[in-house]
Amino acid sequence: MGTPEFPNLGKHCSFEDCKQIDFLPFTCDCCHQVFCLEHRSYNRHSCPKTDRRDVTVVICPLCAKGVRLIPDQDPNITWEIHVNTECDPSNYDKVTKKKKCPVPGCRELLTFSNTIKCRDCLVDHCLKHRFGPDHKCSGPKKPEPAGFPFVGLLSRSRKEEKGPKRALPPTTSSSSWTTSLLNAASSVKASAEASMTKLSNEINHAWKTKSSSSSSNGSANGQVEQCPQCGAKFSSVSSLIDHVEKVHEKGGNRPGAKKVVIDACPKCSRGFVDPVALVEHIEREHGGTSRA
């Protein structure tokens, strides 16, 4: 067998009437013997174990499941094992009975290709009745209203009125929820008025504190404003301006009267008749900036 260069090359066919040497032999997957090209099939070499490759499935009439018959086992034993372990009669209806369209009078079977689920009622229908008017769709569920805090109280009171009557008179329930509603509204109104009063008091106090602090700062620093015409002294610029407007500007129309314009410092509220003096004051006292 083989050649001097390759002594192990090739094998003889296992068929009794052949025994031919084949350099490309075939091995049977059932009997595991070597055959040539002519006898490689199961029928040509009459394989005794070819039944192991036979797949026979029997449908159970009780559960509609497939039962495979084992080649080396008696079919009755295989069937008895299935009935005692795997058989479930409740599965028969799931397999045999097909789902149909729920529309009355429609006998269309719902399969993978012709099933449409309604987006509103979430029920499967056939293609013919896929739209809402065709299957009388009830529509999506309405969400419960939310937002106003007294809506739940009103709805509960209405349900109590519509419910069975009790020993109490009907006016008692209506008067109770009306009283509770009025009490809640009055409490909300009282809290709102109290908060608004407190806010206004705080604003007035802040304005008074700011005005008193500005006047006290001017008097504490010894800043006394003097009228340039009559020499009268005042503690604040606003008093000086009022004095000039009331006393000296009344005679501004007379000949020889001089109209005086006073500019106030935006930082310390000090008055200056000369704008140049005001600029020099800002550069010397406030570092050259006029921002408050």
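Student: What does the accessible surface of the protein chain come to?

Tutor: Keep in mind that this is a predicted model. The accessible surface of the protein chain is about 22800 Å², and carbon and sulfur atoms account for 55% of that area.

Student: How many residues are in the chain, and what percentage of them is buried?

Tutor: A residue is called buried if its relative accessible area is under 20%. Of the 292 residues in the protein chain, 18% are buried.

Student: How many helices and strands are there?

Tutor: The protein chain has six helices and 12 strands. As for contacts between residues at least 6 apart in sequence, 19% of them join residues at least 24 apart.

Student: Which residues is Thr78 in contact with, leaving aside neighbours within four places in sequence?

Tutor: Thr78 is in contact with Val67, Arg68, Leu69, Ile70 and Gln73.

Student: Now for the surface. Which residues form a nonpolar patch there?

Tutor: The patch consists of Phe6, Leu9, Phe23 and Leu24, which together have about 440 Å² of accessible area. Take Leu9 as one of them: Leu9 sits in the segment before strand S1 (11–12). With a relative accessible area of 37%, Leu9 is partly exposed.

Student: How do I describe a pair of aromatic rings?

Tutor: You give the distance of the centres and the angle of the planes. In this structure, the count of aromatic pairs is zero, taking ring centres within 6.5 Å as the rule.

Student: Which residue lies over the face of Phe26?

Tutor: That is Arg40, at 5.7 Å from the ring centre of Phe26.

Student: One more feature, the backbone angle phi. What is the phi of Lys19?

Tutor: Phi of Lys19 is near 55°, a positive value in a residue that is not glycine. Lys19 lies in the loop between S1 and strand S2 (21–22), and its relative accessibility of 44% makes Lys19 partly exposed.

Student: And where is His32 found?

Tutor: His32 is in the loop between strand S3 (26–27) and strand S4 (34–35). His32 has a positive phi too, about 60°, although it is not a glycine. At 60% relative accessibility, His32 counts as exposed, since the limit for exposed is over 50%.

Note on methods: Residues are numbered from 1 along each chain as its sequence is written. This is a predicted model: local features need pLDDT of at least 70, side-chain atom pairs count only at pLDDT 80 or more; totals for chains, interfaces and linings use all residues. Side-chain values use heavy atoms; hydrogens and water are left out. Contact means heavy atoms within 4.5 Å. Helices (H or I, at least four residues) and strands (E, at least two) are DSSP runs, numbered from the N terminus. Buried means under 20% relative accessible area, exposed over 50%, partly exposed in between (1.4 Å probe, protein chains only). Accessible areas come from the Shrake-Rupley method with a 1.4 Å probe; for residues, only the protein chains shown count as cover. Patches are made of residues with over 30% relative accessible area and no salt bridge: like charges are joined within 9 Å, nonpolar side chains (Val, Leu, Ile, Met, Phe, Trp, Tyr) within 5 Å. A salt bridge is a side-chain nitrogen of Lys or Arg within 4 Å of a carboxyl oxygen of Asp or Glu. Rings of Phe, Tyr and Trp (its six-membered ring) pair if their centres lie within 6.5 Å; planes under 30 degrees apart count as stacked, over 60 as edge-to-face and the rest as tilted. A charge sits over a ring if NZ of Lys or CZ of Arg is within 6 Å of the ring centre and within 35 degrees of the ring normal.
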